[in-house]
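Here is a short briefing to read alongside the model. Have the sequence and the 3D view open as you go.

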Amino acid sequence: MDQFDNLDKHTQWGIDFLERYAKFVKERLDIEQNYAKQLRSLVKKYCPKRSKDEEPRFTSCLSFYSILNELNDYAGQREVVAEEIAHKVYGELMRYSQDLKAERKHHLQEGRKAQQCLDHSWKQMDNSKKKFERECKEAEKSQLTFDRLDNDINATKSEVEKAKAQLYLRTHMADESKNEYAAQLQNFNADQWKHFNNAIPHIFKNLQDMDERRTVKLGETYRSFAEAERRVIPIVSKCLEGMVSAAKAVNERKDSAIVVESFKSGFDPPSDFPFEDFSQNLSRTGSDGTISNTPKGERDRDGAPGPRSDPKHQMSRTKNKLWRFGKKPKWSVKMAPSLEDFSHFPPEQRRKRLLQRIDELNKELQKEMDQRDALNKMKDVYEKNPQMGDPSSLQPKISETICNMEKLRSEIHKNETWLSEVEGKQSSRGDRRHSADNHHQTPQGRESPEGSYTDDTSQEHHTPHRRPSPAQPGNPNPPNPDPHEFDDEFDDDDPLPVIGHCKALYSFGGQNEGTLVMAEDEVLYIIEEDKGDGWTRARKQSGEEGYVPTSYVEITMEKNSKGAVTYI
């Protein structure tokens, strides 16, 4: 029992040390979380606020954005480390600390209970021992009294008999106390043997096992702490390799080529300044001995009488050419009128804009052609199945579509004519321009003055227009679409043809502009397929049109309509 208190102190120290390590892990966890959070904020701060089409496409910019993406991924790995430490180290330590405290308390209570039992047994034995001692002393007194009276000739017989009876009683009580003391002593010895040979060793063994498990747990958490870092090392290495690759991707020649291509105007260099002779009105004689400052070539041309060129007119023409490469005059700051053929732009920029417009017109033409094909197919369906609709009702829409196609073809032809004119002027430049072109390789990518870099001139400044995806059936509120997103699609006076029908699987509120309210199990007409953005254009039987989430309806397309398919 002399080491019980020492073990009590040692086990308490072990729990305190474990909780101290848990506190260290918690502070390390907080540092990791704050580090990841600050990295995320840093990346968000320096990420481009504009869309990618509006961002400069220089390799230095692209590499920087790649580094930001890699840094964002690196921050994600720091969050993974923090999560691993929180669950597998800190959380485990806190749970184990509580279990350890409860187990230690149980073992200590058992030890104190065993000690209390031994103390109680010893107290009973000690009491019986003291009682036996008292009874023996009383019996000795009775013996002395009896002997004194028995030898006294003056003592009466009754006094002697009384002393003898008292001696007998005390002797009997001493014998009983002796027996009781012997029994209690035997019990105490047995309890003491059990206490020091069974109970206390068992309790000490449990405390030892508990402390060893605590030590093992600390080792496991040390390993888990390191493994949390080791598991993310491959991904962190890839992030660092991505940063190095982004740094290697910086190409100064390509960036310079993009700048040249973006701001190339197509103008010819200005011509030489003419010599302005202000001394022609002076009368000179051969005796003056003065040599004219007029160059020889000018003197030869001016030798014969004839009209002289106006120096002011030449000077103004020269200045008008110079401003393209030098400082612009004040009047050039004003915005030029927006001409349809872009003639107010430099030749190269005009060519780019014409190519862009031709590409847009071709796309519109393709849409009209697709609509015409869909209407013709719908008309064939109506002719084969008159109960589905009147074929003649589609003829006005077909005629209108064909008219729009002719207008678009005319616009395309007109813009192609302007483009041919610009390209013809550029190809008719002098040998100086051709020799410069032979020494300059045009990069594959192109960048507009606004910074929109594309691989094809026909795609410059083109940003695809996408509608937001609908919500899942579990979330009846889809994302809010742009309120002006569907405005252009409802400008047609004639309704679109029906190409199928659908059944609502869920109810849809349609709070946003351009969307259509529908109830569950309601049947709608399909007038435009899903373009891949998660929205389908439909029409109610009342004639109301709008967009509904594709995932909210079960669609059945007509067999002869374009893209006929049945899906959910």
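Start at Tyr21, which touches Val89, Leu93, Leu218, Thr221, Tyr222 and Phe225, leaving aside residues up to four places away in sequence; contact here means heavy atoms within 4.5 Å. This is a predicted model, where local features need pLDDT of at least 70, side-chain atom pairs count only at pLDDT 80 or more, and totals for chains, interfaces and linings use all residues. Residues are numbered from 1 along each chain as its sequence is written, and side-chain values use heavy atoms, with hydrogens and water left out.

**Nonpolar cores**

- Tyr21 is also one of the residues that touch the most other members in the largest nonpolar core, which has 32 residues; Val25, Ile85, Val89 and Leu93 are the others.
- A nonpolar core is a set of buried Ala, Val, Leu, Ile, Met, Phe, Trp, Tyr and Cys residues joined through side-chain atoms within 4.5 Å.
- Buried means under 20% relative accessible area, exposed means over 50%, and partly exposed lies in between (1.4 Å probe, protein chains only).
- Two or more residues of this core come from each of α1 (4-46), α2 (59-151) and α3 (157-248), and α2 gives the largest share, 13 residues.
- A second, separate core holds 24 residues, among them Leu375, Phe508, Leu516 and Met557.

**Aromatic rings**

- Tyr21 and Phe24 share one aromatic cluster with Tyr222 and Phe225.
- Rings of Phe, Tyr and Trp (its six-membered ring) pair if their centres lie within 6.5 Å; planes under 30 degrees apart count as stacked, over 60 as edge-to-face and the rest as tilted.
- The count by this rule is eleven aromatic pairs.
- Tyr506 and Tyr552 make an edge-to-face pair, 5.6 Å centre to centre with 65 degrees between the planes.
- That pair links distant parts of the chain, 46 residues apart: Tyr506 is in the loop between β3 and β4, and Tyr552 is in the loop between β6 (545-549) and β7 (553-557).
- Tyr506 is partly exposed because its relative accessibility is 33%, while Tyr552 is buried because its value is 0%.
- The ring centres of Phe508 and Trp535 are 6.2 Å apart with planes at 65 degrees, so this pair is edge-to-face.
- Phe508, in the loop between β3 and β4, and Trp535, in strand β5, are 27 residues apart, and both are buried.
- Lys217 lies over the face of Tyr96, 5.5 Å from the ring centre; the rule asks for NZ of Lys or CZ of Arg within 6 Å of the ring centre and within 35 degrees of the ring normal.

**Strands**

- Strands β3 (residues 500-504) and β4 (residues 523-528) pair antiparallel over four bridges; pairing needs at least two bridges found by DSSP.
- β4 also runs antiparallel to β5 (residues 535-539), joined by three bridges.
- Tyr525 in β4 stands opposite His501 and opposite Arg539 in β5.
- The hairpin of β4 and β5 has six residues between the strands, and Gly532 in the turn has a positive phi of about 100 degrees.

**Cysteines and the whole chain**

- How many disulfides does the structure hold? The count is zero, taking a disulfide as a pair of cysteine sulfur atoms within 2.5 Å.
- Cys47 is partly exposed at 25% relative accessibility, whereas Cys239 is buried at 3%.
- The protein chain has nine helices and eight strands; these are DSSP runs numbered from the N terminus, helices being H or I of at least four residues and strands E of at least two.
- Of its 568 residues, 33% count as buried.
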